Amino acid sequence: MPIDIHTKLQKAEAEYKPKTADIKWYQSAVGSLIYTMLGTRPDIAYTVSVVSQFAAKPMQAHKTIVT
């Protein structure tokens, strides 16, 4: 699941407000990836660090990378 080096993720606009359910789903998914990374998959560390930066306001592009 390493991320493509040409993938550019951007922060959401200031007025963008994702649904609470989307935020919780994204944070849960990233948390699961962190657990997996620490236990058995250190090769996904960079990808997890990149997607975890967007946990406060995940957009559809961020969710696509996580899934």
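This is a predicted model: local features need pLDDT of at least 70, side-chain atom pairs count only at pLDDT 80 or more; totals for chains, interfaces and linings use all residues.
**Entry 1: the whole chain**

I began with the overall layout. Followed along the sequence, the pattern reads α-α-α. I then asked how the radius of gyration compares with that of a compact globule. For 67 residues, such a globule would come out near 11 Å, and the protein chain has 12 Å, so the two agree. The C-alpha trace spans about 35 × 25 × 15 Å along its principal axes.

Of the 67 residues, 31% count as buried. Among contacts with a separation of 6 or more, 82% are accounted for by residues 24 or more positions apart.

**Entry 2: the nonpolar core**

Which residues have the most contacts inside the largest nonpolar core? I found Tyr 26 and Val 66, in a core of 14 residues. Helix H1 (20-39) and helix H2 (45-52) each supply at least two residues of this core. H1 gives the most to the core, with five residues.

**Entry 3: Val 66**

I went to Val 66 next, and found its place in helix H3, which covers residues 60-66. Is Val 66 buried or exposed? Its relative accessible area is 10%, and because the cut-off for buried is under 20%, Val 66 counts as buried. Leaving aside residues up to four places away in sequence, I listed what Val 66 touches: Trp 25, Tyr 26, Ala 29, Val 30, Leu 33 and Val 51. I also checked Val 66 against Thr 47: they are 19 residues apart in sequence, and their C-alpha atoms are 8.9 Å apart in space.

How many aromatic pairs does a search of the whole structure find? The search finds zero. I did find a charge over a ring: the charged end of Lys 63 sits over the ring of Trp 25, 5.7 Å from the ring's centre.

**Entry 4: the buried face of H2**

Which residues of H2 are buried? I noted Thr 47, Val 48, Val 50 and Val 51. Seen down the axis of H2, these buried residues fall within an arc of 160°, so they line one face of the helix. As a reminder to myself, an α-helix has 3.6 residues a turn, so residues three or four places apart point the same way. I then looked for what covers the buried residues of H2, and the cover includes H1 and H3.

**Entry 5: Leu 9, ahead of the helices**

I found Leu 9 in the segment before H1. What does Leu 9 touch, not counting residues up to four places away in sequence? My list is Val 50, Phe 54, Ala 61, His 62 and Ile 65. Leu 9 and Val 50 are 41 residues apart in sequence, yet 8.5 Å apart in space, C-alpha to C-alpha.

**Entry 6: two exposed residues**

Ala 21 lies in helix H1. Its relative accessibility is 55%, and because exposed means over 50%, Ala 21 counts as exposed. I compared Ala 21 with Ile 5, 16 residues away along the chain, and their C-alpha atoms are separated by 29 Å.

Thr 40 lies in the loop between H1 and H2. Thr 40 also counts as exposed, at 62% relative accessibility. From Thr 40 to Ser 52 I noted twelve residues in sequence and 18 Å in space, C-alpha to C-alpha.

Definitions and conventions. Residues are numbered from 1 along each chain as its sequence is written. Side-chain values use heavy atoms; hydrogens and water are left out. Helices (H or I, at least four residues) and strands (E, at least two) are DSSP runs, numbered from the N terminus. Buried means under 20% relative accessible area, exposed over 50%, partly exposed in between (1.4 Å probe, protein chains only). Contact means heavy atoms within 4.5 Å. A nonpolar core is a set of buried Ala, Val, Leu, Ile, Met, Phe, Trp, Tyr and Cys residues joined through side-chain atoms within 4.5 Å. Rings of Phe, Tyr and Trp (its six-membered ring) pair if their centres lie within 6.5 Å; planes under 30 degrees apart count as stacked, over 60 as edge-to-face and the rest as tilted. A charge sits over a ring if NZ of Lys or CZ of Arg is within 6 Å of the ring centre and within 35 degrees of the ring normal. The arc is that of the directions from the helix axis to the C-beta atoms. The radius of gyration is taken over C-alpha atoms; the globule rule is 2.2 Å times the number of residues to the power 0.38.
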